[in-house]
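Please keep the sequence and the model open while reading.

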Amino acid sequence: MKTQFLALIFIGVLWSCTKDSDQEYVPMPVMLEVEQPANFPEIKYNLKANSPTDAGFELGKRLFYEGNLSSSGIISCGFCHEQASAFTHHGHTISHGENGLEGFRNTQPIQNLAYFSEFTWDGAAIHLDLQPIIPITAEVEMNETIPSVLEKLENLPDYPDMFDRAFGTPEINSERMLKALSQFMVMMVSSNSKYDQVVRGEDNVAFTELEAEGRTLFNQKCASCHATDLFSDQTYRNNGIPFNPKHEEEEGRQRVSGYVEDFYKFRVPSLRNVEYSFPYMHDGRFGSLEAVLDFYSFGMTENGGEVDPILRREDGRLGIELSEHDKKAIIAFLKTLTDYEFLNDERFAEF
């Protein structure tokens, strides 16, 4: 009798194991740590509300390179944000999208977004989760609607399972889609340039004499706006760039605020990886760093807005006094902001 009882227990355990093995093992999402470099300010993105996981990151990456976020099924976020060009649109002064239509602004890089609280040239997006709505729905970019995007994702074979792994159920909705994109973007931290290694005292890395001179000049002449190790004070400023008659609809920050005094003010861009994020300015009018410094030296104008007082000399003239040697040194310093590890990081590369 005892033998029969033990046999029944063995059969029960065996049946139980067989039943469990028939069920697919679904791993729990693994929390990812957003990098906080020692020389960076604190992260502004609310990680408690949307902390990235491996499954959320992979879903966000898939969505970032998903053409079905556009009306044609071709143009993805990665179409205008190319990794090799510091996630800008290489060779294009302004962004272009569906039906060959062009916008009127240059594509911005998207590294270190976790440390910013407002986005786009005029600050139209005040939360990273909301920012993708602008390009998705813009007629000159992806020309789509959120409901249509969600419907397409529901009908693609991989997405229900990917949403399930990332969020616990296969439901596909706008909140989850946008949070997944943010989980991908907040991980895109660029913080390992030569500059970073020098200021953190890593591996005995040092500036060359010209780079060190450029850093001193930069701190004297540029760092009031391009502040902190993000190289942006995250304000909106009119830098005296001539009004572009090709884009008469452009008003800068005024398009968002409605204030006349905000006319032709644009958010101060970060200069990280600036060596590869050309062309420059809100409309991509300058193709080189030399052209940018020439502009600040002798090209600024009264453009119909309130040019930032910090860009006026003591005699009232616009511009920053820069010799040709000064420009050469500053450019040498700016190139130390290139983070080759970030530009080649396979985690962010297209599939």
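## Cysteines

A disulfide is a pair of cysteine sulfur atoms within 2.5 Å. A search of the whole structure finds zero disulfides. Cysteine 80 is in none; its nearest cysteine sulfur belongs to cysteine 77, 9.1 Å away. Cysteine 225 is in no disulfide either, with the sulfur of cysteine 222 nearest, at 8.8 Å.

Buried means under 20% relative accessible area, exposed over 50%, and partly exposed in between (1.4 Å probe, protein chains only). Cysteine 80 has 10% relative accessibility, so it counts as buried. Cysteine 225 is buried too, with a relative accessible area of 13%.

## Basis of the values

This is a predicted model: local features need pLDDT of at least 70, side-chain atom pairs count only at pLDDT 80 or more, and totals for chains, interfaces and linings use all residues. Residues are numbered from 1 along each chain as its sequence is written, and side-chain values use heavy atoms, with hydrogens and water left out.

## Nonpolar cores

A nonpolar core is a set of buried Ala, Val, Leu, Ile, Met, Phe, Trp, Tyr and Cys residues joined through side-chain atoms within 4.5 Å. The largest one has 47 residues. Leu63 and Met177 have the most contacts inside it. Helices (H or I, at least four residues) and strands (E, at least two) are DSSP runs, numbered from the N terminus. Those elements that give two or more residues to this core are helices H2 (54-64), H5 (146-154), H6 (159-167), H7 (174-186) and H13 (340-343). H7 gives the largest share, seven residues.

Contact means heavy atoms within 4.5 Å. Leaving aside neighbours within four places in sequence, methionine 177 is in contact with Leu63, Ile136, Ile146, Val149, Leu150, Leu153 and Phe163. Another core, of 35 residues, lies apart from the largest one; Trp121, Leu217, Val292 and Leu311 are among its residues.

## Helix H2 and its packing

Eight of the eleven residues of H2 are buried, so this helix is largely enclosed by the rest of the structure. The buried residues are Ala55, Gly56, Phe57, Leu59, Gly60, Lys61, Leu63 and Phe64. They pack against helix H3 (77-80), H5, H6 and H7.

H2 and H7 pack at about 100°, with their axes 7 Å apart. Axes are lines fitted to C-alpha atoms, for helices over the stretch in contact, and angles run from 0 to 180 degrees between N-to-C directions. H2 is therefore roughly perpendicular to H7; that class spans 65 to 115 degrees, while angles under 35 count as roughly parallel, over 145 as roughly antiparallel and the rest as oblique. H2 brings Gly56, Phe57, Leu59, Gly60, Lys61, Leu63 and Phe64 to the contact, and H7 brings Met177, Ala180, Leu181, Gln183 and Phe184. By class, the contact has eight nonpolar, three polar and one charged residues. Here Ala, Val, Leu, Ile, Met, Phe, Trp, Tyr, Cys and Pro count as nonpolar, Asp, Glu, Lys and Arg as charged, and the others, Gly among them, as polar.

## Two single residues

Glycine 56 sits in helix H2. At 0% relative accessibility, glycine 56 counts as buried. Beyond neighbours within four places in sequence, glycine 56 is in contact with Ala166, Ala180 and Gln183. Its C-alpha atom is 8.2 Å from that of methionine 162, 106 residues apart along the chain.

Histidine 247 lies in the loop between strand S1 (236-237) and helix H10 (254-257). With 12% relative accessibility, histidine 247 counts as buried. Not counting residues up to four places away in sequence, histidine 247 touches Ile94, Gly103, Phe104 and Asp283.
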